[in-house]
Amino acid sequence: PSINNAAKRLVYLGPVVTQQWLCFVISMDWSHTPGQGGTRVWMNKRLVYQSENDLNSFDTWLGNYLKVGLYAPWKLGASFRQVYVDALWASDATADFDSMYRKTICGTSGK
């Protein structure tokens, strides 16, 4: 796809939770070809989103790369926004959910 025809998906994960860590594990099978990509997202060990046979990236010379942060153009009227990220871990196709979850703060603290 191009930027002009990109799809947006909103997935409700529950109410906003403060004062505690939320741990995400994301498995991506990157593909810009319709019918070939896949995405799985776990939040605190619970599968909260899954998409199979779906394009999930752009065909660019940059390739795919990790990016994290708040995406709120013009702050959406909020006077202040803040996010804390403990760590980002990237692996290859040999990683599984358990090995990646153990790297999160939830996986190391016994939650």
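Me: Among contacts in the protein between residues at least 6 apart in sequence, what share joins residues at least 24 apart?
Reply: The share is 40%. Contact here means heavy atoms within 4.5 Å. This is a predicted model, in which local features need pLDDT of at least 70 and side-chain atom pairs count only at pLDDT 80 or more, while totals for chains, interfaces and linings use all residues. Residues are numbered from 1 along each chain as its sequence is written, and side-chain values use heavy atoms, with hydrogens and water left out.

Me: What pLDDT does the protein average?
Reply: The average is 81, and 86% of the residues score at least 70. The pLDDT is the predictor's confidence in each residue, from 0 to 100.

Me: How many helices and strands does the protein have?
Reply: The protein has two helices and three strands. From the N terminus on, the order is β-β-β-α-α. Helices (H or I, at least four residues) and strands (E, at least two) are DSSP runs, numbered from the N terminus.

Me: How do S1 and S2 pair, parallel or antiparallel?
Reply: S1 and S2 pair in the antiparallel sense, over six bridges. Two strands count as paired if DSSP finds at least two bridges between them.

Me: What about S2 and S3, in which sense do they pair?
Reply: S2 and strand S3 (residues 46-52) also have six bridges and an antiparallel sense. Arg40 has Gln50 in S3 as its bridge partner.

Me: How many residues of S2 are buried?
Reply: Five of the six residues in S2 are buried, and the strand is mostly covered. Buried means under 20% relative accessible area, exposed over 50%, and partly exposed in between (1.4 Å probe, protein chains only). For the protein, buried residues make up 18% of the 111 residues.

Me: Which residues form the largest nonpolar core?
Reply: Seven residues form this core: Cys23, Val25, Trp42, Phe97, Met100, Tyr101 and Cys106. Helix H1 (residues 97-101) supplies the largest share of the core, three residues. A nonpolar core is a set of buried Ala, Val, Leu, Ile, Met, Phe, Trp, Tyr and Cys residues joined through side-chain atoms within 4.5 Å. In soluble globular proteins, nonpolar side chains tend to be buried together.

Me: Changing topic: how many disulfides does the structure hold?
Reply: The structure holds one disulfide. It joins Cys23 to Cys106, with an S to S distance of 2.1 Å. Cys23 is in the segment before strand S1 (24-29) and Cys106 is in helix H2 (residues 105-109), and the pair, 83 residues apart, links distant parts of the chain. The criterion for a disulfide is a pair of cysteine sulfur atoms within 2.5 Å.

Me: Are those two cysteines buried or exposed? And why is the disulfide right-handed?
Reply: Both Cys23 and Cys106 are buried. The disulfide is right-handed because the torsion about the S-S bond of Cys23 and Cys106 is about 85°.

Me: Next, the loops. Where is Ser31, and is Ser31 buried or exposed?
Reply: Ser31 is in the loop between S1 and strand S2 (38-43). Ser31 counts as buried, because its relative accessibility is 9%. Leaving out residues up to four places away in sequence, Ser31 touches Gln36, Gly37, Leu55, Asn56 and Ser57.

Me: Which residue in the hairpin of S2 and S3 takes a positive phi near 50°?
Reply: That residue is Asn44, and the hairpin has two residues between its strands. Lys45, in the loop between S2 and S3, has a positive phi near 75°. Lys45 is exposed, with a relative accessible area of 52%. Most residues other than glycine have a negative phi, and most peptide bonds are trans.

Me: Where does Gln19 lie, and what is its phi?
Reply: Gln19 lies in the segment before S1, and its phi is positive, near 65°. At 80% relative accessibility, Gln19 counts as exposed.
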